[in-house]
Amino acid sequence: MVVVGAFNTIALIVFTVALCWRLDQIRRHGGGLQAIAMTVSIAALTLAFVVANHDVSRAIDAVLFTGAQRVAFYAFLSLGVASLIVVFFFGSRGVSRERRAGLEAVPLVIALIGLQTTMLFTPVDLRTQRVSEMTVRDVGFALFFLIASGYLVYGFAACVRSVRRFLRVADGYLRVSLVIVVAGLMLLVVGSLAQILFVLTGVVGLTGQGWLLPTSTTLSAAGVVAFLIGVSYPMLHAKWNSAMARRRNAREDRALIPLWSLVTDAIPEVVLP
């Protein structure tokens with residue numbers, strides 16, 4: 001629990017900083033649908049980690065209904081992933097980004113309705129319980145996580161397909177960034193699939209598959225880290241190059257100090273008053 005809490009806190013800080021940076025970029029430069037979709041995605045993912053906080057989750061359940069926090073968490077995750085699909089969309093056959101955004105609203109709405117419905121059919125005493133071999137035997141509980149994980153698999157896989165198209169024309173540091181992003185997304189896909197497999201084995205009564213759950217958690221955490229590194233790499237690369245350029249210019253300026261001293265000693269008039 002301590003490790004999970006620390007990871008959620010770090011992720012919340014990272015996404016909050018990223019959200020502030022995106023809002024500043026839109027303020028400075030404006031942006032079209034892709035920029036807006038990226039901002040929505042970061043905002044949704046930030047809110048997902050906010051509602052994952054223990055005190056926040058208890059407050060949400062108290063104000064709305066038992067299990068509302070879990071619905072909100074996966075709803076924000078789903079919205080974030082849907083927005084990422086729009087961000088990474090690489091048009092083909094005349095399909096525009098705007099049209100893809102409209103199409104992606106359909107599976108998103110279906111998933112959100114499914115999450116809400118299955119939660120209402122889940123017994124109240126199970127709605128806030130962890131995923132385990134016992135809890136997934138309830139049909140409502142199992143369907144909730146199958147819908148949640150299933151949509152994440154769909155969304156992350158769609159992002160992987162789009163980013164791979166970008167890879168065909170990318171080079172240099174951008175290609176490195178996209179490779180890391182794809183690796184992170186694929187880890188997230190496999191992590192979500194592991195959770196789906198765990199739920200399915202629990203539904204049919206198979207035991208001894210407990211290793212799937214920690215595997216899912218580990219892969220998902222590694223995927224989030226890799227994804228964040230990948231999307232941050234271009235900015236970090238630009239910052240590094242800028243810092244190196246300033247350092248190089250400063251070194252060259254210092255190398256010219258002896259020459260400047262000779263010139264000013266010989267011709268004092270060149271020094272501005």
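1. Leu79 sits in helix 4 (residues 68-88). Helices are DSSP runs of H or I, at least four residues, numbered from the N terminus. The model is predicted: local features need pLDDT of at least 70, side-chain atom pairs count only at pLDDT 80 or more, and totals for chains, interfaces and linings use all residues. Residues are numbered from 1 along each chain as its sequence is written, and side-chain values use heavy atoms, without hydrogens and water.

2. Leu79 has a relative accessible area of 31%, so it is partly exposed (buried is under 20%, exposed over 50%, partly exposed in between; 1.4 Å probe, protein chains only).

3. Seven aromatic pairs are present in the structure. Rings of Phe, Tyr and Trp (its six-membered ring) pair if their centres lie within 6.5 Å; planes under 30 degrees apart are stacked, over 60 edge-to-face, the rest tilted.

4. One of the pairs is Tyr74 with Phe144: edge-to-face, 5.8 Å centre to centre, 80° between the planes. This pair links distant parts of the chain, with Tyr74 in helix 4 and Phe144 in helix 6 (residues 139-167), 70 residues apart. Both Tyr74 and Phe144 are buried.

5. Tyr74 also pairs with Phe145: the centres are 5.7 Å apart and the planes at 85°, so this pair is edge-to-face. Tyr74 in helix 4 and Phe145 in helix 6 are 71 residues apart, again a link between distant parts of the chain. Relative accessible area is 12% for Tyr74, which is therefore buried. Phe145 counts as buried because its relative accessibility is 3%.

6. Phe73, Tyr74, Phe141, Phe144 and Phe145 make up one aromatic cluster.

Conventions:
Helix = DSSP H or I, 4+ residues; strand = E, 2+ residues; numbered from the N terminus.
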